[in-house]
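This report covers the sheet, the nonpolar cores and a few local features of one protein model. The sequence and structure come first.

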Amino acid sequence: MKSKRVLIVDDDRDICSNIKDILDDLGYQTDIAHDGHSALDLVDTNRYDVVLLDYSMPGMDGATLHQQMVLLQPEIAAIMVTAYAQGDGAQRARDSGIQQVLRKPVDLGELLPLVEQLSNSPIVLVVDDDPDFCKTLWHILRERSYRVSLAHNREDGVRKALDANYQVAVVDLSLCNGQTDGCDVLQRVAEVNPAIRTILITGHREEAGEVLERCKANGLDDVCFKPLDVEALLNKIELGKIANANRDSGTS
């Protein structure tokens, strides 16, 4: 199994080195950055499963850095470490989509299980040309400990399908110009990862029959119609997580 990759961002070099040594010994691939700009350079050129962020750093605080990171890698999971775990900064961190906030000095007995949990959390690919919908679904799924990758057109969706081992793909049928590009994305996603659960979103309930049959032939598992019932969609995504967990454990 490929090693999970972790980025540690803290201006305290000793803290970075200590955590890096421990994570390296546990089999993770780790990189270090001591400021926000260096961290963004690394995120721009490398794919990470988890980032560990200090909140108070010169030049750019951890919450601001995280907002910039997810523009480059929306699926990256994040843990914030701060001396003010109950303060405004921690709330800003949670509002920005950071899944866990820990008090500084960090308790390794608390940190290490979180790194393992988040690095193995399910990844959902969302392909939709509505940025507001993508942003809303990203926040909802992050709160439920999913990692979420976003694409806004057919080409980006197909490219990102090759980038990670997704458990679920949520694809809008009509991508840009009202074309049924979503079926093409579903087909490509299913080719790359036959075990993935694919969910199509469409507002064309009456006219969708022939198109849905074509999508089912290309690997479609389920459909959500617009106007979207978010809870129903979340239940379908959860089914994909359960199915993948059962497959990985060897149960039916």
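Which residues is Met 69 in contact with, leaving aside its neighbours within four places in sequence?

## Basis

This is a predicted model, in which local features need pLDDT of at least 70 and side-chain atom pairs count only at pLDDT 80 or more, while totals for chains, interfaces and linings use all residues. Residues are numbered from 1 along each chain as its sequence is written, and side-chain values use heavy atoms, with hydrogens and water left out.

## Nonpolar cores

Beyond those neighbours, Met 69 is in contact (heavy atoms within 4.5 Å) with Leu 7, Val 9, Ala 39, Leu 40, Val 43, Val 51 and Leu 53. Met 69 and Val 9 touch the most other members of the largest nonpolar core, which has 41 residues. Helix 6 (residues 131-143) supplies the largest share of this core, 6 residues. A second, separate core of 21 residues includes Tyr 166, Leu 175, Leu 200 and Val 223.

A nonpolar core here is a set of buried Ala, Val, Leu, Ile, Met, Phe, Trp, Tyr and Cys residues joined through side-chain atoms within 4.5 Å. Buried means under 20% relative accessible area, exposed over 50%, and partly exposed in between, with a 1.4 Å probe and protein chains only. Helices (H or I, at least four residues) and strands (E, at least two) are DSSP runs, numbered from the N terminus.

## Sheet and packed helices

Five strands form an open sheet in the order 2-1-3-4-5, with parallel pairing; two strands pair if DSSP finds at least two bridges between them. Strand 2 (29-33) and strand 5 (100-103) are at the edges with a single partner strand each, so one side of each lacks a neighbour in the sheet. From one strand to the next, the twist averages 20°. Strand 4 (residues 77-82) runs parallel to strand 5 and is joined to it by 4 bridges; Ile 79 stands opposite Gln 100 in strand 5.

Helix 1 (residues 13-25) packs on the sheet and touches strand 1 (5-9), strand 2 and strand 3 (50-54), its direction making about 170° with that of strand 2. Helix 3 (residues 62-72) also packs on the sheet, touching strand 1, strand 3 and strand 4, at about 155° to the direction of strand 3. For these angles, axes are lines fitted to C-alpha atoms, for helices over the stretch in contact, and angles run from 0 to 180 degrees between N-to-C directions.

## Val 171

Val 171 is in strand 8 (residues 168-172) and counts as buried because its relative accessibility is 0%. Not counting residues up to four places away in sequence, Val 171 touches Val 127, Gly 182, Val 185, Leu 186, Ile 199, Leu 200 and Ile 201.
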